[in-house]
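Open the model in your viewer and keep the selection panel at hand.

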Amino acid sequence: MAKLKCILWDVDGTLADTERDGHRAAFNMAFEEAGLERRWDVSTYGALLAVTGGKERMRFDIDRGGMPDMPYETIAALHARKTIHYQSLIAEGRIPLRSGVRRLLEEAFAQGITLGISTTTTPTALDALIEHSLGREWFERFAVLAAGDIVPAKKPAPDIYLYALEQMGVSPEHTLALEDSSNGWRSAHAAGLKCVVTVNGYTSGHDFTGADLVVSELGESDGKAVEVLQDLHGLSAIHHVELAHLQAILDD
Ligand code: XBP
Ligand code: MG
């Protein structure tokens, strides 16, 4: 019997390219509104993505002298405003799903594969993306929405994946993770999961040594062929990532 019973999806960078024009833009809006001079430009933000979690990212920037010091309560309040701005940007429909995401989600759902979310993002930011980019029916279709501060240690710690697995009652050997970053891949790997990585502009230079499959996109049958950047399972000639490929990776 096929091993694949569950797919756990990362959100930022995997479901959609939310970081540059979503999260980064929303942080800058919150900084401006609060009268702070700091702005995170595209390349600065790329470096800051080494730290997962928006509040943790701000603390990191403060500690390296990028922003004035402030107590946790101020960081949390600024971050709450950032999340509201992010929700508005998402509601405007500015950030589409990445290619192949809806196709694979729908095919897996139709085949009875358990689907879940495993992300460091704030739950209300995740809700906005589900509502406006995926569709409200997906609130019911995901078996678990594991997000944000629900676990104390964010990615690359395995905690959010372990939490999602426990909530769904599924074992790692029956589950595949979909990620876009090295922190995400390390988190999934540390939780004992096989992992397919779809890179983006911020993560294409990351180290994914040991990841099962690294591709430029999930892709579509009628689109251009995806670039296979790393492959451990004889999938180097694929045109786009299909459910059968994910099944083959788990069975291998
Ligand atoms: C995503 C993150 C998040 C977002 C911002 O990582 O690191 O911090 O950048 O979200 P991953 P919040 O895709 O690995 O989950 O500001 O809501 O924390
Ligand atoms: Mg990600």
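Which residues of helix 8 (residues 159-168) are buried? Select Ile160, Tyr161, Ala164, Leu165 and Met168; buried means under 20% relative accessible area with a 1.4 Å probe, protein chains only. Helices (H or I, at least four residues) and strands (E, at least two) are DSSP runs, numbered from the N terminus.

This is a predicted model, in which local features need pLDDT of at least 70, side-chain atom pairs count only at pLDDT 80 or more, and totals for chains, interfaces and linings use all residues. Residues are numbered from 1 along each chain as its sequence is written, chains are lettered from A and ligands numbered from 1 in the order in which they are written, and side-chain values use heavy atoms, with hydrogens and water left out.

Look down the axis of helix 8: its buried residues fall within an arc of 135°, so they line one face of the helix. The arc is taken from the directions from the helix axis to the C-beta atoms. Next, show what these residues pack against: strand 1 (6-9), strand 2, strand 3, strand 4 (175-179) and helix 9 (182-190), with contact meaning heavy atoms within 4.5 Å. Gly169 follows helix 8 and has a positive phi, near 65°.

Now display the open sheet of seven strands, ordered 3-2-1-4-5-6-7 with mixed pairing; two strands pair if DSSP finds at least two bridges between them. Strand 3 (144-147) and strand 7 (228-231) are the edges, each pairing on one side only.

Finish at strand 6 (residues 213-215), which pairs with strand 7 in the antiparallel sense over three bridges. Here Val214 stands opposite Gln230 in strand 7.

Methods:
Buried < 20%, exposed > 50% of the residue type's maximum accessible area, 1.4 Å probe, protein only.
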